[in-house]
Amino acid sequence: MTRKGQVREAFGLAAATYDRHADIQRHVARRLAGVVAGLPLPPRPRVLEIGCGTGFLHEALQPRLAYGEWIFSDLSPDMAARARERFGALPHTRYVVMDGEQPCFGLDVRFDLIVSSLSFQWFERLGESVAALRRMLAPGGWLAFTTMARDSFHEWRQAHRQLGLEAATPAYPAPADLAALWPGARVDEEHITQEYQSGRDFLRQLKGIGAQVPAPGRQPLTPGALARVIRCFEDHGARSTYHVATCRLPAER
Ligand SMILES: C[S@@+](CC[C@H](N)C(=O)[O-])C[C@H]1O[C@@H](n2cnc3c(N)ncnc32)[C@H](O)[C@@H]1O
């Protein structure tokens, strides 16, 4: 199975438990909603959401944004189905199963707003794919998204390094590197620290949201090595940083 297939499957399996484990994602979606609500958009924007998950971003934006149309899309059919269960009764919503790196719209389709919260870290060609989405904006439109940045999970990585091992968590870009990818992009950053009861609790939470697919080419640790890493992670307080970049890009003229 391709890595993207693994990502689709992992999020599909987690769709039913996602909301219970996704405190960080809910917080980040609310922050992004605040940013989006402040953008100079037309009165009833046509919106495309990529990687909608169970719908946190829409939930947070709903009271703040009157939209003309909102298209929920996700790589995982189960996630898109969850969003539909939640918001399907609302007028002017549509649900699409789609890889955000291969949008399924005609060349003439344009959006006033393209949004995404904590999905683009799963993209395989972040720079090109975001640039392509940007070209789908109508004049005056905006692309706004959050994604994971460099310091995320540094405690987990450090626990591996101390034991001479390498963590399977993907390497994320620095905010300055993200800003350099797209002319005119503004990138803000936030560090959030989450404390866990144990190392296993941390891993359970990642699995509960479907975010356990390793970086390309990484193999899982042996049970013994994993137990040592967990002990080391707990010795340093069993906490994990989420370094979140919030990016906003205006349509190119
Ligand atoms: C961490 S969840 C975030 C979900 C939601 N945006 C939220 O804020 O709770 C990541 C989501 O991105 C989706 N995803 C991953 N890769 C994707 C891709 N290439 N295209 C579209 N969606 C993708 C996953 O299926 C999952 O629903």
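1. A quick word on terms, since burial comes up a lot below: a residue is called buried when its relative accessible area is under 20%. By that cut-off, Glu101 and Lys4 are both buried. Keep in mind that this is a predicted model.

2. Let's stay with Lys4 for the charged pairs. Glu101 makes a salt bridge with Lys4, and their closest N and O atoms are 2.5 Å apart. Asp99, like Lys4, is buried.

3. Elsewhere, Asp151 and Arg150 form a salt bridge, with 3.3 Å between the closest N and O atoms. Asp151 counts as partly exposed because its relative accessibility is 21%, and Arg150 is partly exposed too, at 47%. Back at Lys4, the bridges share partners and join Lys4, Asp99 and Glu101 into one network. The salt-bridge count comes to 14.

4. Now the ligand. There are 22 residues around the ligand, and Tyr18, Gly51, Asp74, Gly100 and Ser117 come nearest. The shell divides into twelve nonpolar, seven polar and three charged residues. Helix H1 (residues 3-14) gives the most to this shell, with three residues.

5. At Leu75 the backbone takes part: one of its N or O atoms lies 3.2 Å from a nitrogen atom of the ligand. On its own the ligand has 590 Å² of accessible area, and the protein covers 99% of that.

6. How many aromatic pairs does a search of the whole structure find? The search gives 17. In one of them, the ring centres of Tyr18 and Phe56 are 5.6 Å apart with the planes at 45°, so the pair is tilted. Tyr18 belongs to helix H2 (residues 18-21) and Phe56 to helix H4 (residues 56-61), so the pair ties together parts that are 38 residues apart in sequence. Tyr18 and Phe56 are both buried.

7. Phe153 and Tyr172 make another tilted pair, 6.4 Å centre to centre with 50° between the planes. Phe153 is in the loop between strand E5 (137-148) and helix H7 (154-162), and Tyr172 is in the loop between H7 and helix H8 (175-181); the two are 19 residues apart. Both are buried. Ring pairs also join Phe153 and Tyr172 with Trp156, Tyr196, Phe202, Phe233 and Tyr242 in a cluster.

8. Phe202 from that cluster brings us to helix H9 (residues 199-209), where Phe202 is buried along with Gly199, Asp201, Gln205, Leu206, Gly208 and Ile209. At the start of H9, a side-chain oxygen of Ser198 comes within 3.4 Å of the backbone nitrogen of Arg200. After H9 comes Gly210, with a positive phi near 90°.

Conventions: Residues are numbered from 1 along each chain as its sequence is written. This is a predicted model: local features need pLDDT of at least 70, side-chain atom pairs count only at pLDDT 80 or more; totals for chains, interfaces and linings use all residues. Side-chain values use heavy atoms; hydrogens and water are left out. Buried means under 20% relative accessible area, exposed over 50%, partly exposed in between (1.4 Å probe, protein chains only). Helices (H or I, at least four residues) and strands (E, at least two) are DSSP runs, numbered from the N terminus. A polar contact is a pair of N or O atoms within 3.5 Å; within protein, one must be able to donate a hydrogen and the other to accept it, and residues adjacent in sequence count only if both atoms are side-chain atoms. A residue is near a molecule or strand if one of its heavy atoms lies within 4 Å of it. Accessible areas come from the Shrake-Rupley method with a 1.4 Å probe; for residues, only the protein chains shown count as cover. Ala, Val, Leu, Ile, Met, Phe, Trp, Tyr, Cys and Pro count as nonpolar, Asp, Glu, Lys and Arg as charged, and the others, Gly among them, as polar. Rings of Phe, Tyr and Trp (its six-membered ring) pair if their centres lie within 6.5 Å; planes under 30 degrees apart count as stacked, over 60 as edge-to-face and the rest as tilted. A salt bridge is a side-chain nitrogen of Lys or Arg within 4 Å of a carboxyl oxygen of Asp or Glu.
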